[in-house]
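Hello,

Here is the model I promised to pass on to you. Have a look at it first, and then read my notes below.

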Amino acid sequence: MTTTADLRAVVETYWSAADARDWDAFAATLADEVLYDLPQTRERIRGKERYLRFNREYPGEWRVRVERVVADGEGRQAAVRTRFTAGAEESPAVHFFVFDATGRISEITDFWPEPYEPPAGREHLVERY
């Protein structure tokens, strides 16, 4: 059984690996068929390889800091509040994670403070809805 402490550890590894650009550690937190949703841009990415590439290719220098993790008692979901920094600009974000039976991340939904049009160049990785 996956505990709330297990979920917190996976989420913290996910974000620390993203911040360090440690894509192997990042990949280890993900289910092969991970589903990633960005409601504000109406983008969806299916599968670990596409999602890894999306993150590897994400433009600019940015940092992320986890502010809070809340996990359910059933070991299936977590909500996370983060703060992203890119240059002098800081942005809060909220992320929802769903976990598979092995404790890997199977679904991610990211909410950013403002809707925006996605940057060009990632059409080969995403579906628009």
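A quick definition before the strands: two strands pair if DSSP finds at least two bridges between them. Helices (H or I, at least four residues) and strands (E, at least two) are DSSP runs, numbered from the N terminus. This is a predicted model, in which local features need pLDDT of at least 70 and side-chain atom pairs count only at pLDDT 80 or more, while totals for chains, interfaces and linings use all residues. Residues are numbered from 1 along each chain as its sequence is written, and side-chain values use heavy atoms, with hydrogens and water left out.

**Strands**

Strand E5 (residues 89-99) is joined to strand E4 (residues 77-86) by ten bridges, and the two run antiparallel. Across this pairing, Thr85 stands opposite Glu90 in E5. E4 and E5 form a hairpin with two residues between them, and Gly87 in that turn has a positive phi of about 65°. E5 is also joined to strand E6 (residues 105-111), again antiparallel, by six bridges. Here Phe96 has Thr109 in E6 as its bridge partner. Five residues separate E5 and E6 in their hairpin, where Gly103 in the turn has a positive phi of about 90°.

Ala78 is in strand E4. With a relative accessibility of 5%, Ala78 counts as buried (under 20% relative accessible area; exposed is over 50% and partly exposed in between, with a 1.4 Å probe and protein chains only). Not counting residues up to four places away in sequence, Ala78 touches Val11, Val70, Ala71, His95, Phe96, Phe97 and Phe99; contact means heavy atoms within 4.5 Å.

Which residues of H3 are buried? They are Lys48, Tyr51, Leu52, Phe54 and Asn55. Seen down the axis of H3, these buried residues fall within an arc of 160°, so they line one face of the helix (the arc is that of the directions from the helix axis to the C-beta atoms). Their cover includes helix H1 (4-20), helix H2 (23-28), E1, strand E2 (43-46) and E6.

A search of the whole structure finds 14 aromatic pairs. Rings of Phe, Tyr and Trp (its six-membered ring) pair if their centres lie within 6.5 Å; planes under 30 degrees apart count as stacked, over 60 as edge-to-face and the rest as tilted. One of the pairs is Tyr36 with Phe54: the ring centres are 5.6 Å apart and the planes at 50°, so this pair is tilted. Since Tyr36 lies in strand E1 (residues 30-38) and Phe54 in helix H3 (residues 48-56), the pair ties together parts that are 18 residues apart in sequence. Tyr36 is buried at 4% relative accessibility, and Phe54 is buried at 6%.

**Loops**

Arg21 lies in the loop between H1 and H2 and is partly exposed at 28% relative accessibility. Phi of Arg21 is near 60°, a positive value in a residue other than glycine. The charged end of Arg21 sits over the ring of Trp62, 3.8 Å from its centre (NZ of Lys or CZ of Arg within 6 Å of the ring centre and within 35 degrees of the ring normal).

Thr29, in the loop between H2 and E1, is buried at 6% relative accessibility.

Best wishes
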